[in-house]
Amino acid sequence: MVVDGNIPFRSRMCITATASLKLAYTLDMSLSASVGFSEGEDAYTVGVNAAQDAFDKIEHAAPQAAIVFASVKYDQGQMLAGVRSVIKDAPVVGASTAGEITTSGPLKKHSVAVMLLHSENVRFFASVAENIKDGPRLA
């Protein structure tokens, strides 16, 4: 992801992917992705159900990264604890939202959407950059 230094946020979280070269001139970037979502009242349960929905669809048993979008209605810590209970130690990035859009289209008013990623050749890392306004590359 490219972070624009003009964006007025003090910090940004991003997920970075790196790839290994398989053969000279051939870059294998195969990637498995799945999307799950859930709705309900209890933040932890909705997080568990959204992550499990995505987990059940991914081709590999161990997701390597997760992108999570959740309604501001939910306690974000509880919702993430639910997601983590399913995906374990995979890096997570995401945000609270006013609406979640998935492969099934827009969801109802309050929901959680989880995308899980896995690749044999791509590695995922999460990081936080601070003081972006002072220089994106320095952050």
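Tutor: Gladly! Start with the crossing of helix 1 and helix 2, which is right-handed. A crossing is right-handed if the near helix is turned clockwise from the far one by less than a right angle, and left-handed if anticlockwise. Helices here are DSSP runs of H or I with at least four residues, strands are runs of E with at least two, and both are numbered from the N terminus. This is a predicted model, where local features need pLDDT of at least 70 and side-chain atom pairs count only at pLDDT 80 or more, while totals for chains, interfaces and linings use all residues. Residues are numbered from 1 along each chain as its sequence is written, and side-chain values use heavy atoms, leaving out hydrogens and water.

Student: At what angle do helix 1 and helix 2 pack, and how far apart are their axes?

Tutor: Axes are lines fitted to C-alpha atoms, for helices over the stretch in contact, and angles run from 0 to 180 degrees between N-to-C directions. Helix 1 (residues 43–57) and helix 2 (residues 76–87) pack at about 35°, with axes 7 Å apart.

Student: Which residues of helix 2 are buried?

Tutor: Buried means under 20% relative accessible area, exposed over 50%, and partly exposed in between (1.4 Å probe, protein chains only). In helix 2, the buried residues are Met 79, Gly 82, Val 83, Val 86 and Ile 87. Seen down the axis of helix 2, they fall within an arc of 125°, so they line one face. The arc is that of the directions from the helix axis to the C-beta atoms. As a general idea, an α-helix has 3.6 residues a turn, so residues three or four places apart point the same way.

Student: What do the buried residues of helix 2 pack against?

Tutor: Their partners are helix 1, strand 5 (65–71), strand 6 (92–97) and strand 9 (112–118).

Student: And which residues of helix 1 are buried?

Tutor: Those are Ala 43, Val 46, Gly 47, Ala 50, Ala 51 and Ala 54. They pack against strand 4 (32–38), helix 2 and strand 9.

Terms used
Contact means heavy atoms within 4.5 Å.
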